[in-house]
Amino acid sequence: MSPEKTPSSEPLFGLEEMELNFGPQHPATHGVLRLRLKVDGERIVDAYPIIGYLHRGTEKLFELHPYFQNVPHTDRMDYVAAATSNLAYVGAVEKLIGMTVPPRARYIRTILAELQRISSHLIWLATHAIDIGAMTPFFYTFREREVILDLFEEYCGARLTLNCMRPGGQPYDLPIGWVERCREFIRDFPSKVDEYEGLLTNNRIWKQRTIGVGVLPPEVALEYGVTGPMLRGSGIDWDLRKAMPYEAYDQVEFDVPVAHNCDTYDRYLVRMEEMRQSGRIIEQCLDDLPDGPLMAKRPRVLKAPKDSETYYSVEGPKGEIGFYIVGDGTPNPHRCRVRPPSFMNLQVLPEMVRGQLISDLVAVIGTTDIVLGEIDR
Amino acid sequence: MSDDEQKRPTNAGEPEPSAEGDAAKVDAAKAKAEAAAAARAKKAAEEAAKPAWERDPVAPAIEDASDDPLAAGLREAHGASLEHAVAVGGELVLQVARGEIREVCQSLAEDYGYRLLVDLCGVDYPSRENERFEVVYLVHNLEENRRIRLRVRVPEGEEVPSVCGVWRGADWCEREVFDMFGIRFADHPDMTRILMWEGFHGHPLRKDFPIEGIDTGAAIYPEYYDDAAGPIGGTGTGWKPSKAEADQAPETTDSGKAGKE
């Protein structure tokens, strides 16, 4: 627009900083994340995330239902990784009441949690790559994710909102032939990961878009309470599966990948290796799967003692997902606080995008691997 | 045993028991008690022999932990601000005075290596007389792989010192506690709502907040929306024209927009 056509007297040129609204409905925000950006041309000066568009009051709902009936609420938080949310919740209730889970149930839980980790990482890879402009991995990863969802469907009847665990154990045994089908998938899976890596790892465009982008130094990551692959991508070797083993993780061998360059590319490498390690864990669990009961002895109505409280957490695909439950002697929890990993990980986003380009912001949102259902609860 | 002895004399019609009969009864009662104790011990042994998942659930015990080295060290440094220390199932839980929480957190982070703030949340206990709320801090030491909880009691309307200066991750957590419980944090850089919208009245996770919600009325954004018509009535676009826009184009908002462009 030429200056003489501008009716207002505001200058068009010489404008240095402007505010830009990003989201809440934008395909690259993975849901309803809104960002207020202060930009200088294409460079981001500052970012201010605004959340809460998906707030459903889950923590309030927890207080209204008995312990058993709260499991489905946990599915709806991180809706691409329902099994690990289930696991954290039932583990917290078991710790609060003092129940011990039988070994077969522990192994089944480990298998389900690791399958869920793979499927969550596949979604992350698909959306992250498509945000950056690589269309093909999307179709490859959804092919494998479909197999995992079929396995879940066979086990518990649902594909996403699984509701596949109960306080005290597992509701069902594995169906006939499930172990073989799972083994078949796991046997082929490493070659599939090679396929994804063949598309991206040495791809020049992929490297240009991710190396040195969204650098998160380890001390900043710790200060903000970042956990999961984000923390391990910043060079801190901390994984709850190793640090405080739960379920069957102390019975299996696996490595925790750690990368030291703290950028988007390294976090990509960490998650790719995590998928391979999850495959290893599942394979060992299928080999050692013990026989026996699936459910611990438990009262028909769970009541936590008055003034009891506990915190229990597991390593979810996004980071540490934990539940802080306060019991008051009734069948309902007095308070059930969720420690959402994405919430803490999103908080560090402004630190990672300062000085970067707007198109890099899209890569950084992808690499934080957020799910707004869990952030807003 | 004592029940048996007390019941017997009330049996009317029976003759007064003799001394020998008494002794015999005491013996019998003793034998019965022994048998019961043996049965209990046998049951306990059976219970212990069972695999853990077939036993009755036992909630973790709460023990006094004031002699824990960490608690003792903190008490030495901060005196009475450490109100009490317990271990819940082996996990240390410290109750800290509200005014001193930032100093205690500072020394935990700097002197004891608790560099990771795992979580910070609020709890509402409406039955408590004057200290209705509790703020819970969960911190982790990566080197020792140890996790402890701090609890602070807060009366209605009082402020808690913010720990954002100790762990920057506390920022959003404290905003969430303010949003959900109405507990304000002193010296917080941005004490605004985070999950509910600005202009919302009430704090949803308080126990007296109704589950069906409250009628917040149309004035969600009183500065933007028409008070009576609400977000979707009024101007048609949902946005109340600003004063400058209204002056510029008094007839419709559309021409106001065009004029700006």
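Predicted model: local features only at pLDDT ≥ 70, side-chain atom pairs only at ≥ 80, totals over all residues.
Me: Okay. How many residues of helix α14 of chain A are buried?
Reply: Nine of the 11, across residues 358-368. So α14(A) is largely enclosed by the rest of the structure.

Me: Which ones are they, the buried residues of α14(A)?
Reply: They are Asp360(A), Leu361(A), Val362(A), Ala363(A), Val364(A), Ile365(A), Gly366(A), Thr367(A) and Thr368(A).

Me: And what comes just after α14(A)?
Reply: Asp369(A), with a positive phi of about 55 degrees.

Me: Switching to helix α3 of chain A. How many of its residues are buried?
Reply: 16 of the 16, so α3(A) is largely enclosed by the rest of the structure.

Me: How far does α3(A) reach from its first C-alpha to its last?
Reply: It covers residues 82-97 and reaches 23 Å. That is close to the 22 Å expected at 1.5 Å a residue. Just after α3(A), Gly98(A) takes a positive phi of about 90 degrees.

Me: Now packing. At what angle do α4(A) and α5(A) pack?
Reply: About 160 degrees, with their axes 9 Å apart. Helix α4(A) is residues 103-132 and helix α5(A) is residues 136-156.

Me: Roughly parallel or roughly antiparallel?
Reply: Angles over 145 degrees count as roughly antiparallel, and α4(A) and α5(A) are therefore roughly antiparallel to each other. Their crossing is left-handed.

Me: Which residues make the contact?
Reply: From α4(A), they include Leu115(A), Ile118(A), Leu122(A) and Ala126(A). From α5(A), they include Phe138(A), Phe142(A), Arg145(A) and Leu149(A). By class, the contact has 14 nonpolar, two polar and two charged residues.

Me: What about α4(A) and α11(A), at what angle do they cross?
Reply: Roughly 155 degrees, and their axes come within 9 Å. Helix α11(A) is residues 264-288. The two helices are therefore roughly antiparallel to each other. This crossing is left-handed.

Me: Which residues meet there?
Reply: In α4(A), Tyr107(A), Glu114(A), His121(A) and Trp124(A) are among them. In α11(A), Arg271(A), Met275(A), Ile282(A) and Asp288(A) are among them. The contact of α4(A) with α11(A) has 10 nonpolar, three polar and five charged residues.

Me: Last topic, chain B. How many helices and strands does chain B have?
Reply: Seven helices and eight strands. Of the 261 residues in chain B, 25% are buried.

Notes: Residues numbered from 1 in each chain as written. Chains lettered and ligands numbered in written order. Buried ≥ 20, exposed ≤ 12 C-beta atoms within 10 Å, placed from the backbone. Helix = DSSP H or I, 4+ residues; strand = E, 2+ residues; numbered from the N terminus. Axes fitted to C-alpha atoms, helices over the stretch in contact; angles between N-to-C directions. Parallel < 35°, antiparallel > 145°, perpendicular 65-115°, else oblique. Left-handed = near helix turned anticlockwise from the far one by under 90°. Contact = placed C-beta atoms within 7 Å. Nonpolar A, V, L, I, M, F, W, Y, C, P; charged D, E, K, R; others polar. Expected span 1.5 Å × (residues − 1).
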